[in-house]
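Hi,

Here is the model I promised to pass on.

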Amino acid sequence: MVKLTMIARVTDGLPLAEGLDDSRDVPDADYYKQQVKSLFKSLSMGHNEASRMSIESGPYIFHYIIEGRVCYLTMCDRSYPKKLAFQYLEDLKNEFERVNGSQIETAARPYAFIKFDTFIQKTKKLYQDTRTQRNVAKLNDELYEVHQIMTRNVQEVLGVGEKLDQVSQMSSRLTSESRIYADKARDLNRQALIRKWAPVAIVIGVVSLLFWAKNKIW
């Protein structure tokens, strides 16, 4: 069964819509929602470039598609047919683009399209029972194939993102530290020049002062 549905903007991970009553029968729903948010963050940073993917997490599996810089994601039981899950997402994508397409880029607050939940719930009901004639026909549709869509583990996917974050943070830290060291080196060079030439400047100043005073007396 479809357990959870979320839609987010890929460019910054901003959540746009969600199935509001999706998590009522999911133990530890908040835990899985946090995984989804981490995944959206990872996608926004370009860590996963696949436009379609399945990601295993405990007894469930996330399926997502990315199109028009929007990620459409659902979490289902592992036993739920992959083919139906992606067709469900395709239906959501088509309607979301039709209704909200022109406003996606300008959305500034989370869940700006929360009213889309009505369509999510209506569509989810159509896909819940895999034995209906409609869904059996979709499963037998040879024109819609999902065999080539990659399946990965959630820790593997999020772990790659975390490692890349660490590399990025280390690079930024090294860049910042190198700037600090460069500034300190310039200060030390300046101080060395002052120590080297200050006595000479003082001698020249004293001699010049004595010469000026002697000329003034004469």
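This is a predicted model: local features need pLDDT of at least 70, side-chain atom pairs count only at pLDDT 80 or more; totals for chains, interfaces and linings use all residues.

**Notes on the model**

Arg69 sits in the loop between strand E4 (60-67) and strand E5 (70-77); helices here are DSSP runs of H or I with at least four residues, strands are E runs of at least two, and both are numbered from the N terminus. The phi of Arg69 is near 60°, a positive value in a residue other than glycine. With 48% relative accessibility, Arg69 counts as partly exposed (buried is under 20% relative accessible area, exposed over 50%, partly exposed in between, using a 1.4 Å probe and protein chains only).

Residues are numbered from 1 along each chain as its sequence is written, and side-chain values use heavy atoms, with hydrogens and water left out.

Now the overall picture. The protein has five helices and six strands, and along the sequence they follow the pattern β-β-α-β-β-β-α-α-α-β-α. Of its 218 residues, 39% count as buried. Taking contacts (heavy atoms within 4.5 Å) between residues at least 6 apart in sequence, 66% join residues at least 24 apart.

Asp28 has a phi near 60°, again positive in a residue other than glycine. It is found in the loop between strand E2 (15-18) and H1, and Asp28 is exposed, at 59% relative accessible area.

Then comes helix H1 (residues 29-44). Its 16 residues should span 22 Å at 1.5 Å a residue, and the end C-alpha atoms are 23 Å apart, which agrees (the expected span is 1.5 Å times one less than the number of residues). Its buried residues include Tyr32, Val36, Leu39, Phe40 and Leu43, and also Lys33 and Gln35. Just after H1, Gly46 takes a positive phi of about 75°.

Leaving aside neighbours within four places in sequence, Leu14 is in contact with Ile7, Ala8, Arg9, Ala107, Ala108, Arg109 and Pro110. The C-alpha atoms of Leu14 and Lys41, 27 residues apart along the chain, are separated by 8.6 Å.

Last, the helix pair. The axes of H2 (residues 82-100) and H3 (residues 117-128) come within 10 Å and cross at roughly 155°; axes are lines fitted to C-alpha atoms, for helices over the stretch in contact, and angles run from 0 to 180 degrees between N-to-C directions. That makes H2 roughly antiparallel to H3 (over 145 degrees; under 35 is roughly parallel, 65 to 115 roughly perpendicular and the rest oblique). The contact is made by Leu84, Gln87, Tyr88, Asp91, Leu92 and Glu95 of H2 and by Phe119, Ile120, Thr123, Lys124 and Tyr127 of H3.

As for H3 itself, its 12 residues should span 16 Å at 1.5 Å a residue, and its end C-alpha atoms are 16 Å apart, which agrees. The buried residues of H3 are Asp117, Phe119, Ile120, Gln121, Thr123, Lys124 and Tyr127, and they pack against E1, E2, H2 and helix H4 (133-139).

Cheers
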